[in-house]
Amino acid sequence: MISADLVDLSRLQFALTAMYHFLFVPLTLGMSFLLVVMELTYVMTGKQVYKDMTRFWGKLFGINFALGVATGITMEFQFGTNWAYYSHYVGDIFGAPLAIEGLMAFFLESTFIGLFFFGWDKLSKNKHLLATFLMALGSNLSALWILVANAWMQAPVGSEFNPVTMRMEMTNFWSVLSSDWAQAKFVHTVGSAYMCSAVFVMAISAYYLLRRQDVPFAKSSFRMAAVFGVVASLLTIQMGDESGYLVTRDQPAKIATMEAMWETEPAPAALKLFAIPNEEKMTNAATIEVPGLMGLIGTRTFSQEIPGVKELIETAQTRIVNGQKALALLEQLRQDPKNAELLAEFKAVQPDMGYGLLLKRYVENPADATAEQIHQAALDTIPAVTPMFVTFRVMVGSAMVLVALFVFGLFYSVKNTLLEKRGFLRLALLSLPLPWIAIECGWFIAEYGRQPWTIYDVLPTHLSVSALSTGDLIGSLFGFALLYTALIVVEVMLMTRAARKGPSSLGTGRYHFEQK
């Protein structure tokens with residue numbers, strides 16, 4: 001039996017490093033393709049301002065890229081140091097996309113980022129554009145393979161448990177790569193990253209416009225970012241809807257907690273705009289809802305019910321009992337591996353084996369679990385409702401503000417009235433943190449909402465950790481927190497210094513601080 005403190009500290013450390021890392025990742029993914037758009041416009045029009053835009057925003061991209069790499073390397077080591085049993089149990093599957101990411105995507109982006117920065121005077125326009133595109137492609141392919149691995153943890157397809165090796169093994173690589181979850185997670189993640197980069201450019205451009213600094217440059221940057229943001233918003237909203245459908249289909253406990261849905265409602269279920277959940281009484285107060293909308297989003301039908309928390313707890317109890325049977329049969333099968341009858345019995349209940357493993361949090365032998373322990377393990381399958389409910393609404397609310405920002409920003413840019421809309425420009429500047437808030441909330445929902453599973457329905461989190469001491473974890477936790485905080489402070493300082501100087505930092509002699 002694993003110490004609860006060890007599990008909590010391991011989770012906290014990985015959450016800390018992941019959320020710090022993802023402060024850098026969205027801007028890298030989004031800015032890389034926004035730079036492609038800027039440079040493509042320069043190649044097509046020949047206008048110097050678009051080349052200057054590519055070079056200037058590329059400098060900010062470069063600062064962010066370097067720090068993103070520094071924080072990302074740590075996470076891959078943690079799978080071996082902090083999550084050793086997880087790595088052993090699913091290494092054949094989870095390790096494959098991570099290896100491909102390192103061999104293909106990371107080397108691609110790392111090679112061509114050098115050509116992007118140092119090839120302006122050595123490559124023709126078209127060749128430099130190709131280098132910029134390949135840099136962006138490498139960055140996004142890197143995200144693809146990592147998100148394929150994460151999607152498999154959310155919905156483990158293309159694999160099966162081998163009772164001989166006692167590990168999960170891949171049966172179909174294409175199923176892992178092309179699963180509904182992998183596609184939706186990749187497109188939704190990169191779409192939100194594109195929105196992040198658009199807000200980043202619009203906010204800094206708004207700062208220049210408010211100061212009447214480099215106005216033509218700022219207007220062009222703002223307009224291009226607004227167009228990019230509108231397109232990215234459509235992509236993100238579409239894949240957000242698809243993600244809602246997949247979560248309802250494959251992770252009912254997550255959607256029930258996101259909606260504070262205690263009871264199974266008649267179809268189609270309502271979407272709650274606001275509520276105050278009471279987790280002890282399993283009720284809501286002050287509820288404001290839109291009838292039928294959640295049922296349409298979650299099931300795409302008028303007739304299919306979405307199970308509530310209470311029903312899901314009852315279902316989990318049944319699956320835990322089946323899981324006990326699966327674990328008992330597995331022990332017999334290990335003693336008699338050639339027994340076809342035993343194997344058939346095991347296969348029948350094997351999908352619920354992970355639920356039986358939930359009991360190991362309370363008792364060494366799941367077969368000895370009491371009714372109370374089975375009930376407690378069933379309660380564990382439901383994430384805490386209040387943080388899920390609130391975080392989801394913060395994410396969606398932030399995204400809606402950003403969509404409005406893009407639409408109005410594009411409208412004012414086309415009408416050439418941006419300079420007159422000082423209130424809107426201030427709003428654009430103040431909106432700079434919003435995409436990061438929305439993205440971090442999205443990852444919280446995805447990962448916290450998957451608990452108590454490391455691999456959904458297969459491997460509980462409390463069985464995945466390494467045999468470390470709490471002292472090791474506390475020491476490294478504080479070390480990472482201090483190091484990553486220092487890196488963020490460095491990035492903010494470098495970004496702020498470069499942003500305030502603006503395109504004058506290019507040394508072309510055409511911009512604000514060079515003309516005084």
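Modeller: Before we start, a contact means heavy atoms within 4.5 Å. This is a predicted model, where local features need pLDDT of at least 70, side-chain atom pairs count only at pLDDT 80 or more, and totals for chains, interfaces and linings use all residues. Residues are numbered from 1 along each chain as its sequence is written, and side-chain values use heavy atoms, with hydrogens and water left out.

Biologist: Thanks! Of the contacts with a separation of 6 or more, what share comes from residues 24 or more positions apart?

Modeller: Here we count contacts in the protein whose separation is 6 or more. Residues 24 or more positions apart account for a share of 78%.

Biologist: Which radius of gyration does the protein have, and why does it agree with a compact globule?

Modeller: The radius is taken over C-alpha atoms, and the globule rule is 2.2 Å times the number of residues to the power 0.38. With 516 residues, that rule gives a value near 24 Å, so the protein agrees with it at 25 Å.

Biologist: What percentage of the residues is buried?

Modeller: Buried means under 20% relative accessible area, using a 1.4 Å probe and protein chains only. Of the 516 residues in the protein, the buried ones make up 52%.

Biologist: Which residue stands opposite F161 in β2?

Modeller: Strands are DSSP runs of E with at least two residues, numbered from the N terminus, and two strands pair if DSSP finds at least two bridges between them. Strand β1 (residues 159-162) and strand β2 (residues 167-170) run antiparallel, joined by four bridges. In β2, the residue opposite F161 is M168.

Notes:
Buried < 20%, exposed > 50% of the residue type's maximum accessible area, 1.4 Å probe, protein only.
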